[in-house]
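The following paragraphs lead the reader through one protein structure, from its overall plan to individual residues. Please keep the sequence and the model in view while reading.

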Amino acid sequence: MTGTITITEAALASLIGLTAHEIPGVVGMAPATLKEGISRVLGRANAREGVVIAREGSAYHADLYVVVAYGVSIPTVARNIVERVEHTVRTQAGITLGATRVHAVGVQRA
């Protein structure tokens, strides 16, 4: 019996968001859209906050909006995020990301 497995963009964004939170130096995710910002104000944050997934043809692209800890090397943290996210998405979802971009939008004391 052959079936089809579908991974939604929301599930992919949640997987990416949870993975990014595991990286040392990441304090949290920042709202990527006005809607996310309003949800956060209302107390409804979720795992995919700060992650925007776009699809171009058959390729997925991920943009992550992160807040990093004060005193860490932002380029090192960003590189670690990209490596871990791409590995996790490839091994757990079977998807190879076409691009993974990290946007450090804030610095905060951990």
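Read from the N terminus, the elements of the protein chain follow the order α-β-α-β-β-α-β. The chain thus displayed is a predicted model, and it contains 3 helices and 4 strands. Among contacts between residues at least 6 apart in sequence, 67% join residues that are at least 24 apart.

The chain has 110 residues, of which 36% count as buried. Its accessible surface amounts to about 6,700 Å², with 54% of that area belonging to carbon and sulfur atoms.

Attention may now turn to the interior. In soluble globular proteins, nonpolar side chains tend to be buried together. Here the largest nonpolar core comprises 22 residues, and the members that touch the most others are Ile16, Ile53, Leu64, Ile81 and Val89. At least two residues of this core come from each of the following elements: helix H1, strand E1 (26-29), strand E2 (51-56), strand E3 (59-69) and helix H3 (74-93).

Ile53 illustrates these surroundings. Apart from its neighbours within four places in sequence, Ile53 is in contact with Glu9, Leu12, Ala13, Ile16, Tyr60, His61 and Ala62.

Is Thr19 buried or exposed? Thr19 counts as buried because its relative accessibility is 4%, and the cut-off for burial is under 20%. A polar atom of the Thr19 side chain lies 2.8 Å from the backbone oxygen of Leu15. Beyond neighbours within four places in sequence, Thr19 is in contact with Arg84, Val85 and Thr88.

Conventions. Residues numbered from 1 in each chain as written. Predicted model: local features only at pLDDT ≥ 70, side-chain atom pairs only at ≥ 80, totals over all residues. Heavy atoms only, no water. Buried < 20%, exposed > 50% of the residue type's maximum accessible area, 1.4 Å probe, protein only. Polar contact = N/O pair within 3.5 Å; in protein donor to acceptor, adjacent residues only side chain to side chain. Contact = heavy atoms within 4.5 Å. Core = buried A, V, L, I, M, F, W, Y, C linked by side-chain atoms within 4.5 Å. Areas by Shrake-Rupley, 256 points an atom, 1.4 Å probe, with all protein chains shown as cover.
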